[in-house]
Amino acid sequence: MRFFLFLIIILFSKFAFAEFKPQHTILENGLEIVVLENNRVPAIAHSIWYKVGSADEPNGKSGIAHFLEHLLFKGTEKLKPGEFSQIVARNGGKENAFTSKNYTGYFQLIHKSKLELVMSLEADRMKNIKLIEKEFENEKTVVLEERYSRVDNNPSALLSEQINTALFMNHPYRKPIIGWEHEIKNLSLKDVMSFYEKYYAPNNAIIVICGDVTLEEVVKIAKKHFGSIKPSKIEKRLWTEEPTQHAPRVVILKSKNTAIPVFKRHYLVPTYTKSKKESIAMQVFTEIFGNPSTGMLFDEFVKNKKIATSAAAYYYPDGFGDTSFTISIVPKKGITLNKIESELNIYLKEIKEKVVNKDELKSTKKRLVNETIFAQDSLYMGMRIFGSSLSTGYSLKDIIDWSSDIQKVSLDDIQNILSKIFDSNKSVTGLLLPIDK
Amino acid sequence: MKKFFIFLFFILLNFNYLSALDVKEINYYKDNKAWLVNDNNLPIVAIKFAFKAGSGIDPIGKKGLASMTASLLDEGAGNYSAKEFKKILADNSITLNFNVSHDNFYIDLYTLKENLDLSFQLLDLALTKPTFKLEEINRVKGNIKLVLEQSYKDPDDIGARLFREILFKDHPYQYDTLGVSEDIDKIEKKDLESFLNNNLTIEKLFVAASGDIKEAELKKYLKKYFVKFDNKKKVNEIPTHKKNINSEIFLHKKDLRQSSILFAGKGISRNDPYFYSAYVMNYILGGGGFFSRLTTEVREKRGLVYSVYSYLYRYDKYNFFSGGAQTSNENVVKVIKIIKGELIKVKKKGVTEEELKNAKNYLINSYVLRLDSNNKVASMLLNTQMDGLNTDFFEKRNDYINSVSLEDIKKVASRILDENQIFFLVIGNPTDLKNANKI
């Protein structure tokens, strides 16, 4: 991310959009366009998503995708470094960008009359960024400082980075998005530019706009500014896959910079694109099992056993191949992480017998479906959800059908995935241990 | 091609978005008024409440009382156990949060229209019949103490704690809203009850709503559930705080990869005629994120930080100007020097005409972006109301910004950006910092 986002970011479970009515088209050069009309205020959330992220980086060059995201603000043949942001701001716009394992996204929130302005700016930097060595080296130290702030100074983030690398033994998701420090330091201008030239093209991008505009207006402007950009040859993503995993792994981080011990358990599980039916069932199960204030884990560890102050689980369905199902428990003062671990292992052995309540299933599905209404209460959310889903392999139909897919989940569907989720051979246990000086 | 860009970029319109915001003032009881924007685009209602009863009025020896009360209100009420209460909220997709700042006790309600009735019933139970079960009290105490421990270990939390200790010494604002570790166990059920009974009074209540709710409905609910808070209690006042800041550098040595720098100086009151001048000045100096003077000098030109910023902050009884940055240990002195230099430059020379024009364009034209969600609108209404302004503020706000002149900024800068009255606090292991006060 180019700057800290001063926004509350809700964990995106895959909200749905029965009520969103996305309109869609593809230009001749392959550029996809999705418009979500919302006429509440005369504004738009305009975004462009490139289907390239940290998982696409060549070996030994981690951090390129994110570094490149920073460099897209550093000027083009027409614009001086920083001018992009100045133009957006003096037109009343807010903007930012983000990089994930699977995609890189850029967005502006702005008055609807500025649609052509922001589209012309994005079209310009799709192909024309211009960099000099000095700008490049300066931004490299900025990225390193970002890494120190976000990861190296933050024990919890540092532990997550280590867990992630242990969880994915062979898949490129094992690399941190921001990159390894030593590899960021060795990146050259040439490395980054060749990555840019290879992946930034109309046929590898999606424009998603949520706001007070029509598809017709958008297409007209898009053709004018993006129409002449030639498509590139984009190869199909062929990522190394995970082998069969045969042994549980444990990662322990001891830190002087925290007072709070944390127990984490990550399991390798399928993404939505790998196994749609299982993923949908897992989303419902995660809500029942892992909701931080009403879930089964909270009930068992915080309320019944009284050995934890918090207990929750998360599942990230986006991506290609496998992803992680994560349990996170903070023990009560005086309770060891070993105690938490052994209690969890006992609890999970009987999980099948515990997930049996039909009413619970029904009310949970209702909650999830209701989220689709709340998701429309801001321009940013719609843009973010559609953009991230479409650039991680969901079809528009998948997104629209999400509510009805959730409704179809049965207790059997959930029972059937349990042994697949809680397979200890595919797990990493992470322990964050506070130490005194 | 360049021409085309210039043509496009310099046509700037001053949209008058704000007159589109139709704010209704509802007199629901005596002098009490709630603000409402009726918007039925979605079947959603957001309502925000604030009582003037924050952690700043926590009694000595019971620091943490307001916050603990707030966090226990949804842990069982009426005939519902904590578990049942939370489940009803979740199953009906109702967000109901209670939390405190130093000055205020906030209630945040966000719900589907169809559950509005139920939401108010649950809110009423939480405020009037909370169970305060010992088991839940003890559990919440454990959580609070754990988080307070972090303020002695986690670099960001250490920074926040020391910052408050320097700026607010001997004033209630010096404590975390969560309180003080030693006091937490001294707080009992009867303290929680008396906090609720004595401090939540309708004379100190502010209400703002946005969404699919009409004036009459809101009025009906407020009458039904809030008139009972007309209990004529005298709420404790937070004392005013007078602090003369000296030019000092404080260092908390900690073995970290990167140091964190915080700074603070005098601020400005909301009622000050130069408030908007200060607001625009801060945007240019360090508030505008991407190309403020601080970001340009420290990040863009020299690559010394990822983040550097400044802001104006207002408590009810104290205003200050503040900011921060994170940088590698070997660059701390350099970064402090540049920040100081930029403050002095604005104080001595003001800002340029172009900077002022760009700032006004941003601050005026971006206002529409605050209106795209019910939560944002309700928050804005609540804050404006609590600032003591009227509903016509939304029509006048752009004119206030437009009227700021270069001269105004110079004047206000000379008041706020005084290098002799700004302190710096460093958390980390800077290699080149000498003459710092160890803290």
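User: In chain B, how many bridges join strand 7 to strand 11?

Analyst: The model is a predicted one. In chain B, strand 7 covers residues 248-253 and strand 11 covers residues 423-428. The two strands run parallel, and the number of bridges that join them is 6.

User: Which residue of strand 12 of chain B is the bridge partner of Leu251(B)?

Analyst: Strand 7 of chain B also pairs with strand 12 (residues 437-438) in the parallel sense, over 2 bridges. Leu251(B) has Val426(B) as its bridge partner in strand 11 of chain B. In strand 12 of chain B, the bridge partner of Leu251(B) is Lys438(B).

User: Which strands are the edge strands of the open sheet in chain A?

Analyst: This sheet of chain A has 5 strands with mixed pairing, in the order 7-11-8-10-9. An edge strand here pairs on one side only. The edge strands of chain A are therefore strand 7 (249-255) and strand 9 (308-315).

User: What angle does the direction of helix 5 of chain A make with that of strand 7 of chain A?

Analyst: Helix 5 (residues 155-167) of chain A packs on the sheet. The strands of chain A that helix 5 touches are strand 7, strand 8, strand 10 and strand 11 (427-434). With the direction of strand 7 of chain A, that of helix 5 makes an angle of about 160°.

User: What area is buried between chain A and chain B?

Analyst: The contact involves 78 residues of chain A and 73 residues of chain B. Carbon and sulfur atoms give 56% of the buried area. The area buried between the two chains is about 6600 Å².

User: How many salt bridges does the rule find across the interface of chain A and chain B?

Analyst: One salt bridge joins the side chains of Asp39(B) and Arg40(A), with an N to O distance of 2.8 Å. That pair qualifies because the cut-off is 4 Å. Across the interface of chain A and chain B, the number of salt bridges found is 13.

User: Which helix gives the largest share of the side of chain A that touches chain B?

Analyst: Across the interface of chain A and chain B, 34 residue pairs are in polar contact. The largest share of chain A's side is 11 residues, and these come from helix 4 (residues 133-152) of chain A.

Notes. Residues numbered from 1 in each chain as written. Chains lettered and ligands numbered in written order. Predicted model: local features only at pLDDT ≥ 70, side-chain atom pairs only at ≥ 80, totals over all residues. Heavy atoms only, no water. Contact = heavy atoms within 4.5 Å. Buried area = accessible area lost by both parts, 1.4 Å probe. Polar contact = N/O pair within 3.5 Å; in protein donor to acceptor, adjacent residues only side chain to side chain. Helix = DSSP H or I, 4+ residues; strand = E, 2+ residues; numbered from the N terminus. Axes fitted to C-alpha atoms, helices over the stretch in contact; angles between N-to-C directions.
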